[in-house]
Amino acid sequence: MYQDHFGLKKPPFRITPDTHLFFEGCDRGVILQALCYAIQNGEGITKVVGEVGSGKTMLCRMLPHSLDKRIDWVYLAHPRLEPDQMLQELARELDIPLTLNSDKLTVMRELQTSLLKHHSQNRHVVVLVEEAQEMPLETLEELRLLSNLETDDHKLLQIVLFGQPELDENLAGRKIRQLRERITHSVYLDPLQLPDIVAYMNFRMRACGYEGPELFNEELAEAVQTFSHGLIRRINILGDKALLAAFASGRKTVEIGDVQLAARDSQYTTNRWWTLTEALHS
């Protein structure tokens, strides 16, 4: 709705991860490099922890774009799987033909055979688990057992866990200590700080075609930080609605009131008096 008004080629603050809009500030670029390093070295299990909306999914999506084509990626986007279901899902992702009567031992053997074949072709299999805090402990343990599959000098399967802080709580239990010991790289995503928010929001605008003077200054970013707590998803929601509010007012500048209106409309504050719907029809 506001794209033409601000000279944009596409919305700059969509919450759906867009790898073309990856922001390297607040150590996100460094973290991506660290993840690539961990995968290229092919040892152990890697863990990425961050609050809801901190940018975990974006990092997950960036990995295939940042590493060479010899890696075969397996996504486990639905982590609430029992161990047998998880093995079946891995087999499906690796195009391993199974029958309805295939038992666990058969699936494990087929997985090992497939992984050895990948290795013989100089290909690397990496499993990406999103929302790993939701994965049952028994399934996490099954993943650990899979990570034991190896040749004399190379792991056949590598695992990257993406999860909320509850993942660390789950891994702190005594029953899962063997998996915890296999985690060789742990990454934590911090919220964006004030200078990062200014840079992030203006970067997104420029990347989407905006050519005017910078819309988001430190004063506006302070308001965004207050309501978003530095979480990227909330920043995107506030940025999108603030642009919409400015458009509704016929302005090509963003004001503090636009951010406050966006926050109220998103219920990021208890005070609610004027909504974006009312603004668009005023």
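Modeller: A salt bridge is counted when a side-chain nitrogen of Lys or Arg lies within 4 Å of a carboxyl oxygen of Asp or Glu. The model is predicted, with local features needing pLDDT of at least 70 and side-chain atom pairs pLDDT 80 or more, while totals for chains, interfaces and linings use all residues. Residues are numbered from 1 along each chain as its sequence is written, and side-chain values use heavy atoms, leaving out hydrogens and water.

Colleague: How many salt bridges does a search of the whole structure find?

Modeller: Side chains of opposite charge can pair when their charged atoms come close. One of the pairs is D18 with K10, whose closest N and O atoms are 2.9 Å apart. Searching the whole structure gives a total of 14.

Colleague: What is the relative accessible area of E255?

Modeller: E255 is the salt-bridge partner of R251, the closest N and O atoms being 3.8 Å apart. E255 is partly exposed, and its relative accessible area is 40%.

Colleague: Which residues form one aromatic cluster?

Modeller: Rings of Phe, Tyr and Trp (its six-membered ring) pair if their centres lie within 6.5 Å, with planes under 30 degrees apart called stacked, over 60 edge-to-face and the rest tilted. The structure holds 4 such pairs, among them the edge-to-face pair of F23 and Y200, at 5.3 Å between centres and 80° between planes. F23 also pairs with F203, at 5.8 Å and 45°, so this pair is tilted. The cluster therefore consists of F23, Y200 and F203.

Colleague: How many residues apart in sequence are the parts that F23 and F203 tie together?

Modeller: F23 is buried at 11% relative accessible area, whereas F203 is partly exposed at 28%. F23 lies in the loop between α1 and α2 and F203 in helix α9, so the parts tied together are separated by 180 residues.

Colleague: At what distance from the ring centre of Y268 does R234 lie?

Modeller: A charge sits over a ring if NZ of Lys or CZ of Arg is within 6 Å of the ring centre and within 35 degrees of the ring normal. R234 lies over the face of Y268, and its distance from the ring centre is 4.0 Å.

Colleague: In what order do the strands of the open sheet stand?

Modeller: Two strands pair if DSSP finds at least two bridges between them. Strand β1 (residues 45–49) is joined in parallel to β4 (residues 157–163) by 5 bridges, and in the parallel sense to β5 (residues 183–188), also over 5 bridges. At the edges stand β2 and β5, each with a single partner strand, so one side of each has no neighbour in the sheet. The 5 strands pair in parallel in the order β2-β3-β4-β1-β5.

Colleague: Are the 5 residues of β1 buried or exposed?

Modeller: In a regular strand the side chains alternate between the two faces of the sheet. On one side of β1 are I45, K47 and V49, and on the other T46 and V48, with both faces covered. Of the 5 residues in the strand, 5 are buried.

Colleague: At about what angle does helix α4 run to β2?

Modeller: Axes are lines fitted to C-alpha atoms, for helices over the stretch in contact, with angles from 0 to 180 degrees between N-to-C directions; contact means heavy atoms within 4.5 Å. Helix α4 (residues 83–93) lies across β2 and β3, and its angle to β2 is about 140°.

Methods. Buried < 20%, exposed > 50% of the residue type's maximum accessible area, 1.4 Å probe, protein only. Helix = DSSP H or I, 4+ residues; strand = E, 2+ residues; numbered from the N terminus.
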